[in-house]
Amino acid sequence: MRMRHVISTVVAVGTAAVVAAAPAQAAEYSSALKVKGVQYDAPGTDSNKCSTGNSKDEYLTIKNYSSKATINLKGYVVKDATGNRFVFPASHYLQPGDYVKLRGGHGTDSDAKNVVYRQNCNFIWNNDKDTIYLYKPSGSRADVHSYTKTGSDRDRNGYITYHG
């Protein structure tokens, strides 16, 4: 009898540990706003010249996966592994199911065309590997993804999809 009690206590403790660990991972993805995909390697030869370069062809697609809530991107932060960052400076509302492409280069932000420009001609994503962080205005993490060119981009087209 006593042995059975010890075993059930160990099982109960083990179960509690699993249950306790699960929310930490789930909390990381508690946001309806997620990285849908990244064009980490712009087509062509990389050039960050503002007038003739292709940094505008490197982009991050962020989608509102909520079925009900509209999300304002103002204050959301996108970062890479080395700390390069972009803060959405203005209100940009994503309706449920809507998305935005955060592009490099200079341009005019447009809700109608679902685009926000970083107003910076430098590339943010590495062509070989990187980590994409998306933070809420509160500072809590909304989403994170790491990639490698050889392990994540199966068709080698420079684009990786994360959330369908």
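## Close-up views of a predicted model

At 11% relative accessibility, Asn114 counts as buried (buried means under 20% relative accessible area, exposed over 50%, and partly exposed in between, with a 1.4 Å probe and protein chains only). Before the other views, please note that this is a predicted model, in which local features need pLDDT of at least 70, side-chain atom pairs count only at pLDDT 80 or more, and totals for chains, interfaces and linings use all residues. Residues are numbered from 1 along each chain as its sequence is written, and side-chain values use heavy atoms, with hydrogens and water left out.

**View A. Asn114 and Gln119, two residues with positive phi.** Most residues other than glycine have a negative phi. Here, phi of Asn114 is near 55°, and Gln119 has a positive phi of about 55° although it is not a glycine. Asn114 is found in the loop between E7 and E8, while Gln119 lies in the loop between E8 and E9. With a relative accessible area of 37%, Gln119 is partly exposed.

**View B. The whole chain, for orientation.** Two helices and eleven strands make up the elements of the chain; helices (H or I, at least four residues) and strands (E, at least two) are DSSP runs, numbered from the N terminus. Their order from the N terminus on is α-β-β-β-β-β-β-β-β-β-β-α-β. Of the 164 residues in the chain, 37% are buried. Taking contacts between residues at least 6 apart in sequence, 57% join residues at least 24 apart, where contact means heavy atoms within 4.5 Å.

**View C. The disulfide of Cys50 and Cys121.** The count comes to one disulfide, defined as a pair of cysteine sulfur atoms within 2.5 Å. The sulfur atoms of Cys50 and Cys121 are 2.0 Å apart. The torsion about their S-S bond is about 120°, so the disulfide is right-handed. Cys50 sits in the loop between strand E1 (33-39) and E2, and Cys121 in the loop between strand E8 (115-117) and strand E9 (129-135), so the pair ties together parts that are 71 residues apart in sequence. Cys50 is exposed, at 51% relative accessible area, whereas Cys121 is buried, at 6%.

**View D. Aromatic pairs, with Tyr40 and Tyr147 as one of them.** There are four aromatic pairs by count; rings of Phe, Tyr and Trp (its six-membered ring) pair if their centres lie within 6.5 Å, and planes under 30 degrees apart count as stacked, over 60 as edge-to-face and the rest as tilted. Tyr40 and Tyr147 form a tilted pair, 4.8 Å centre to centre with 35° between the planes. Tyr40 lies in the loop between E1 and E2 and Tyr147 in strand E10 (residues 141-148), so this pair ties together parts that are 107 residues apart in sequence. Both Tyr40 and Tyr147 are buried. Tyr133 and Tyr135 form a stacked pair, 6.1 Å centre to centre with 15° between the planes. Tyr133 is partly exposed at 21% relative accessibility, and Tyr135 is buried at 17%.

View E. A search of the whole structure finds one cavity of 30 Å³ or more; on a 1 Å grid over the protein atoms alone, a cavity is a set of points where a 1.4 Å probe fits but cannot get out, and lining residues have an atom within 4 Å of a point. The largest cavity has a volume of about 50 Å³, a volume being the space filled by probe spheres set on the points, which are joined across faces, edges and corners. Among the lining residues are Tyr59, Leu60, Leu102, Arg103 and Trp125. Strand E2 (59-64) and strand E7 (99-103) each supply at least two residues of this lining.

Methods
1 Å grid on protein atoms, 1.4 Å probe; cavity = no way out; pocket = protein on both sides within 12 Å on 5 of 7 lines; lining within 4 Å.
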